[in-house]
Amino acid sequence: MRTTVPPVACVGEPRLTAGFSEFGRLDLLAHEEVHGPIGPMEPAALLRLAEAIDLKGKGGAGFPFARKLRAVLESCERQDLAAVVVVNATEGEPASWKDKVLLTRAPHLILDGAALAAFALDAEEIVIGVADDDVGRPSLTEALQERRMPVPTTIVTVPHRFISGEGGALVNGINGLPHIPPGTKKRSSDSGVNGLPTLLSNAETYAQLAIAARIGPYEYAALGTDDEPGTVLLTVTGSAKRPAVVECAAGTPLREILDLCEVPPGPGILMGGYHGKWITAEAAARAEVSRRGLTAVGGTLGAGIIVPLGVDTCPLGEAAQVVRYLAGESAGQCGPCKMGLPDLARSVDLAVSGSAPIELVRAAAGDVKGRGACSHPDGTARFALSAMEVFADDLRLHATGEGCGKRVKGVMGLPGAPDGNPQKLTLDWSRCDGHGLCAHVVPDFIRLDGNGYPAFPPTPVPTWLREGALKAVKVCPELALRLVKSE
């Protein structure tokens, strides 16, 4: 797991990253020198501000902050309960580093935004969720020691897993429950932390709120576009020669960001992270960094994640690795996650190996879309289908069984090696008589072809199917099937 925060860059006027070049990390004195003072705001004033700048959540979903704030205010009044403010700084997406940059270098901006919300809501508590990778917690702890918050403020550590950053999973974790999304969809604005109405938003969202409260809606809108004012934080990794977290105004040409990070030509770029979508190099050349601009070229802004691929790696192999990772990261508590995502991962593996048509991937994705207890199945299906579409030319090469001739270099930012002992199945065709028992034992990985012989991808067996693969090896009457170490 990477624990070194990447460099920070800026295109145009810095706001969230202001003072970084002079101070590195902004302690309270440096923070006040760079950003100036800030005072509390009444609920109506904070609502007007959030609506005037059209502030949307920066964690990926893009939900309007003003609507969240209003919902909590109304819930508190209706139930006659106090509120809780939750800052989601967990950043479970392995390819994202923007929130960690804020935690380690501008923690007081996050705390300012949380304090504004807590005062407006007359909240009884602020809770900040961070990952257990120990990247952001030391800086945040130091910042809390430097200042006085309007209400008691605590830091809660959650496992550094993909689904731990989901809103419901974070609330569960704070409440002492398993760090997974709830089995049924719940509104935290009605009942969140300790059963109280809870305002939950991303760390960057609170930091943007703190900037807007200081400079006002008109100056805030001096940067960005008419419908998306302000700046955006982006994490650029993948094949970039200079990976960085970049701040830029909404509407900035994507090409400028790619040039700044020295991204070489390649077959495609993932926009929005593992729940995002791929776009072609041609689409990237005409895209702008905004929700509307990226949607126009088939992408998505999501959590501001940009992962370009170089020409020397197999794009479908890279995508298949991510789908397998996402299937393994599921909470495993609803059908689409527990059974549907492994099936989707297997379908992608088969398509990439040339053993199955793309229709198998489409069918597996269709089985999980819109049916999960959280957005994880939908996001995974979106990612997989997008890869099949953008890399269609490569898929045709893989359909021959020969592949595209490129290695999978592992540039997608996956955390470490989730499987410390990767193994794959091999078949001795001189022994196999087509009994088909193996496909009955582990149908999620092995299927029978048109002649009744086993077909399976040449990729490592996913960890969650390893036990089934071992059983398949043991029941093979001719000892034709073997499980060997994957190189």
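A search of the whole structure, which is a predicted model, turns up seven aromatic pairs.

| Pair | Centre to centre | Angle between planes | Type |
|---|---|---|---|
| Phe-162 and Tyr-274 | 6.1 Å | 10 degrees | stacked |
| Tyr-274 and Tyr-325 | 5.8 Å | 80 degrees | edge-to-face |

Phe-162 sits in the loop between β4 (153-158) and α8 (167-174), while Tyr-274 sits in the loop between β8 (269-271) and β9 (277-279), so their pair ties together parts that are 112 residues apart in sequence. Together, Phe-162, Tyr-274 and Tyr-325 make one aromatic cluster. Phe-162 and Tyr-274 are both buried, and Tyr-325 counts as buried because its relative accessibility is 10%, under the 20% cut-off.

Now to the nonpolar cores. The largest has 57 residues, and among those touching the most other members are Phe-65, Leu-121 and Tyr-206. Helix α6 gives this core its largest share, 10 residues. A second, separate core of 42 residues includes Phe-391 and Cys-404.

Helix α3 is worth a look too. Its residues Leu-46, Leu-47, Leu-49 and Ala-50 are buried. Seen down the axis of α3, the buried residues fall within an arc of 160 degrees, so they line one face of the helix. They pack against α4 (65-79), α6 (107-121) and α9 (203-220). Just after α3, Asp-54 has a positive phi of about 50 degrees.

Note on methods
Residues numbered from 1 in each chain as written. Predicted model: local features only at pLDDT ≥ 70, side-chain atom pairs only at ≥ 80, totals over all residues. Heavy atoms only, no water. Buried < 20%, exposed > 50% of the residue type's maximum accessible area, 1.4 Å probe, protein only. Helix = DSSP H or I, 4+ residues; strand = E, 2+ residues; numbered from the N terminus. Arc of directions from axis to C-beta. Contact = heavy atoms within 4.5 Å. Core = buried A, V, L, I, M, F, W, Y, C linked by side-chain atoms within 4.5 Å. Phe/Tyr/Trp six-rings, centres within 6.5 Å; stacked < 30°, edge-to-face > 60°.
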